[in-house]
Amino acid sequence: MAVTDYHRPVQLHGVARHQREQRDLEEIWRSEPGVLGWLSTVDHKEYGKRYIVTAFAFLLLGGIEALVMRIQLAGPNKSLLTPEQYNQLFSMHGLTMIFLYAQPVLSGFSVFLFPLILGTRDMAFPRLNAFSYWIYLLSGLFIYAGFAIGYGPNDGWFNYVPYALKQYNPGPNMDFYALGMILFGISSTAGATNFVVTFLRARAPGMSINRIPILAWGTLTTSFGILFSVPAVSLAFFLLWTDRQFETHFFDQAGRGQPLLWQHLFWIFAHPWVYVVVLPAMGIVSDALPIFCRRPLVGYTVVVLATVATMVMGFGVWLHHMFATGIPYLALSFFSAASFVITVPSAVAVFAWIATIWTGRPVVSTAFLFFAGFIITFVIGGVSGVMTAAAPSDQQLTDTYFVVAHIHYVLIGINVLAVMGGIHVWFPKITGRLLDERLGRWCFWTTFAGFNIAFLPMHWTGLAGMPRRIYTYPDGFGWGAVNLVTTIGAFILALGILLLLVNVIVSRSRGAVAGPDPWGGPTLEWSVPSPPPSYDFEVMPAVASRHPLWEEHLDEASGSSSMGRGLRLDDGKEMLTTTALDAEPDAIMKMPEDSIAPLLTALAATAIGAAALLHSWGIVAIGGAVLLLLLLYWLWPRRSLGQIAERKHV
């Protein structure tokens, strides 16, 4: 009794001190309430949620566009849409799904989870993170503003010349697209830079290069892909804009330009972009599937190497989109071979997932069902891709609905199923609530069935000779019944996505309370409360294994631990930086406060694009000056930000 009485005041003092330290950290890191605080926050968790919500809003818009097109194509000789309306719809649908949904939704997962899984408090450049989101949102609104007034892109998401040139497309449709995509390129480049630096210099002590979760590897790999590929397409859109505005003839054959140059610049970007919207989705599956199989991922090292190899080889196969353009046979042979070889890393990942399920003890939850469906869809999309890798078959299949089926399996099926599974896994971490499992299972079966009913028959219509990019077709070709099935499947798929949204909205306020680790996960995000506090980690964790939380449970009986005591940072808004390879503590970095500058800078850049669209060159000059002043304000050195504390070790 005396011993208990003796220790109680000490324990109470420790609890009180702990609570006071949490309050101090919350005061330092939290954003101000109100509209101004919402606009100026730099909290990565806020922008992760905004990315996901905004991307899903664009997904709904792209889905509505697809449903309208499917009604038009449900039978022969339909007249719901005019040819111009159909051109704008299918162009907007493609660019919305590929650019405004597929990559940003994965960025949302990574922006929210990156600091949490790496064991740090924020992205390396919080203000750049905010700027990346705002200009992404504004670029999407910029393009949709043209669509709303009848000047949406009308030359497909691939935007081929010479159809996109002024003499064939005199309206401002393609100017909205070109300038909007330049803004989007700025957003994706800024985000990629932030991910690379955060990955290399902001990991938990002890999280060496061979202990990093695969989601982070997928995001890092795609970030390098963005940095090397986006400049090509940004240049292409800028040259197209100058051709249209100033008659510079970069792509105009009459002026000794090269129309085929557009395809080279575009596909040098667009084929790596396929992996940009696939590799982080594969990372979601590689990190989340083992949780429900109750064992580590089989072949971690080879999966990481396969992830990196896929992106590297992705830069060497762009020409397989151009097999029908009359390029030399030697080039056809080289790029056809490369297109076959690139399937090997993907097969490695598939075998790793199957082996993880086979050797584990799967818990068949809703998330597990989505990941299993992802694997099936991944294999179907990969096999149809192999068929287009062979130049002779590609020349027969190109510009048919077979290619439409393939691209939907690769870009949408793989992406959407992984994202929906990821939402079921990390929704509790984001909101503190669990999604409803029964409604989730209905959502999975509806989505999976609808997707395959919609897009599997497209392979058959393509093999039957139905060309893509047509707004109607005559009777008597045998395409009508299959197209009707495809249209029914599209509406079933839409119902599945609607069920997910209902589940999210209802569970946000009524779902079961999740707790910090509802799944028994192995990585660091499950060690903090749900939802995480504004500072993420009270103490910077130190790790000594690839699965620190699982190892921690195993080591409890022996009294040892795979997680170190960590480092407490209590001198203001600070973050630990570590070395790139071994994650040894290197320095203490002072983090910037909330600022409205990222939003204002994004608005200024968008205003310059709008002024260029209207040929208001004076406003362009004024906007450039304002943009420069805003950048100076944003980047002006501050004494507090320049202070680097002396080196501290855990």
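**Close-up views of the predicted model**

**View 1. Lys590 and its partner Glu574.** The side chains of Lys590 and Glu574 make a polar contact at 3.0 Å (a pair of N or O atoms within 3.5 Å; within protein, one must be able to donate a hydrogen and the other to accept it, and residues adjacent in sequence count only if both atoms are side-chain atoms). Lys590 sits in strand β4, residues 585–590 (strands are DSSP runs of E, at least two residues, and helices are runs of H or I, at least four, numbered from the N terminus). With 17% relative accessibility, Lys590 counts as buried (under 20% relative accessible area, 1.4 Å probe, protein chains only).

This is a predicted model, where local features need pLDDT of at least 70, side-chain atom pairs count only at pLDDT 80 or more, and totals for chains, interfaces and linings use all residues. Residues are numbered from 1 along each chain as its sequence is written, and side-chain values use heavy atoms, with hydrogens and water left out.

**View 2. The bend in helix α15.** Helix α15 (residues 401–431) bends by about 45 degrees at Val425, with Pro428 following within four residues (the bend is the angle between axes fitted to the seven residues ending there and the seven starting there). Because 30 of its 31 residues are buried, α15 is largely enclosed by the rest of the structure. Just past α15, Gly432 takes a positive phi of about 85 degrees.

**View 3. Helix α13 against helix α16.** Here α13 (residues 366–389) packs on α16 (residues 437–463) at about 10 degrees, axes 9 Å apart (axes are lines fitted to C-alpha atoms over the stretch in contact, and angles run from 0 to 180 degrees between N-to-C directions). So α13 and α16 are roughly parallel (under 35 degrees).

Terms used. Parallel < 35°, antiparallel > 145°, perpendicular 65-115°, else oblique. Buried < 20%, exposed > 50% of the residue type's maximum accessible area, 1.4 Å probe, protein only.
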